[in-house]
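Me: Can you walk me through this structure? I'm new to it.
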Amino acid sequence: RSPALDFGPGPRCPVAGRARRLLSLLAATAEPGSFWKRDHVQHHQEVHVVLGNEACDLDSVVSALTLAYYLAQTAAGGQAAIVPVLNIPRTEFPLRSESIFLLREQGIPDGCLVFRDEIDLAALHRAGLLTLTLVDHHVLPSGDAALEEAVIEVIDHRPLERDWGPRRRVTVEPVGSCTTLVAERVLEGPPELLDRQTAALLHGTILLDCVNLAPEARKVTPKDVQYVALLEARFPDLPARNIIFETLQKAKFDVTGLTTEQVLRKDLKALSGDQLIVAISAVYMTLEEFLQRPGLQHDLPTFCQQHSYAAVVAMTISFGECHKPHRQLAVYSPCAGLRAALCSALERASSPPLDLSPLPSPCPDLCAYHQGNVAASRKKVLPILRELLLQGGPEPWGCRAGEEAMAEDEALLPPTPMNSLVDDCPLARGLPALSPEAVFEQVSRLAVVRPGPAGSPKKK
């Protein structure tokens, strides 16, 4: 535990007393994935899952955990078992350094968490035992389309992209942090429900998401400020705002020991067009530091090849004096036509304008920019790129989809993209059935077609 960030006393074990009610809830739900498929279906016990988004950032994690705690304490979920689920495989969680740090500071070990690959939502839904609350997102990817029937509530801070109808409870407001909306919900309940542990999680997350409530970052709203103040009024001994923000920001930006692939995967979203997938990564260092990473010119094409990405847009963020944010941007693609189209869309963007200025690039397949509009976060850039990808297939840009990533034999399976499935991703329709003999045959053919070290895929 960091001495500068003392959130108060509390056990660091799965068994907790009344002061650790959230931890008790998590300890009760953290069972092996087979438990959810076998026992609940067998005994016809309903499960109410509070599901965060596929980026699984701190906002999503804390929103899911604290709302599940509130529903369990108020019996708002009825007789169902309340289960907060982090929407990534457990193996991806080590990349969420700020979430790991804050949860451990609050005495919540990783073993008390339930991840997407540990609970079979489809099986529960087929059995009629699943209800879903979505937090920090409100549109399910096409691979989860069948689960929409189970959604009963949505809490999000993004612009509403679909109408859920009158049967669902929908809370969508353009605040800086979805956790603000969850804090509002919790504070509407009985006062004794909000313990210090839950307040510390909510408080720290809002401060990190809203850049310590700094107006110049243009992420904070009056409601974010209001609920930070309410949490501090209830628990005056919470650490000072600047200490919380600086410590969590340091944890979030810590990429020590990470490979270039891990740096890109740490905070990644993927967009799909007609047969093309483009990765948009938030990178927590200056662009100069990123471009100077050893082996970058080898790592970028390898990353695209392994994950079937046609391009990568790296949006770097760093902070200078007085926590002033600096944003820079890089566009990489081996396909010159697609790279030019992405750069043109970003350069010409007007809603919002990015105010891009070209920077030198060490790589011929990469374009680098300084971003003058620091308020244009990835959330605001995604619609610009999405609109471009929806305009047509890959042919207008002069490149074949996946030509760098897939063999000519279409039976080869593309690797799973980061952050689970994305809309229109080929994997969203499920994997084709392959027998062991077919797999062996494909591997044997690869050994013949691609002999030698230069042509052999790298082992993971």
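Me: Which residues line the second largest cavity?
Reply: Ala-55, Cys-56, Asp-57, Leu-95, Arg-96, Glu-98, Lys-252, Lys-266, Asp-267 and Tyr-284. A cavity is a set of points on a 1 Å grid over the protein atoms alone where a 1.4 Å probe fits but cannot get out, and lining residues have an atom within 4 Å of a point. This is a predicted model: local features need pLDDT of at least 70, side-chain atom pairs count only at pLDDT 80 or more, and totals for chains, interfaces and linings use all residues. Residues are numbered from 1 along each chain as its sequence is written, and side-chain values use heavy atoms, without hydrogens and water.

Me: What volume does the second largest cavity have?
Reply: About 50 Å³, counted as the space filled by probe spheres set on the points.

Me: How does its lining divide by class?
Reply: The lining of the second largest cavity has 4 nonpolar, no polar and 6 charged residues. Asp, Glu, Lys and Arg count as charged; Ala, Val, Leu, Ile, Met, Phe, Trp, Tyr, Cys and Pro as nonpolar; the others as polar.

Me: New topic. At what angle do H6 and H7 pack?
Reply: Helix H6 (residues 178–187) and helix H7 (residues 196–209) pack at about 150 degrees, with axes 8 Å apart. They are therefore roughly antiparallel, the word for angles over 145 degrees.

Me: Which residues of H6 and H7 meet?
Reply: Cys-178, Thr-179, Thr-180, Val-182 and Ala-183 in H6 meet Leu-202, Thr-205, Ile-206 and Asp-209 in H7. Contact means heavy atoms within 4.5 Å.

Note on methods
Axes fitted to C-alpha atoms, helices over the stretch in contact; angles between N-to-C directions. Helix = DSSP H or I, 4+ residues; strand = E, 2+ residues; numbered from the N terminus. Parallel < 35°, antiparallel > 145°, perpendicular 65-115°, else oblique. 1 Å grid on protein atoms, 1.4 Å probe; cavity = no way out; pocket = protein on both sides within 12 Å on 5 of 7 lines; lining within 4 Å.
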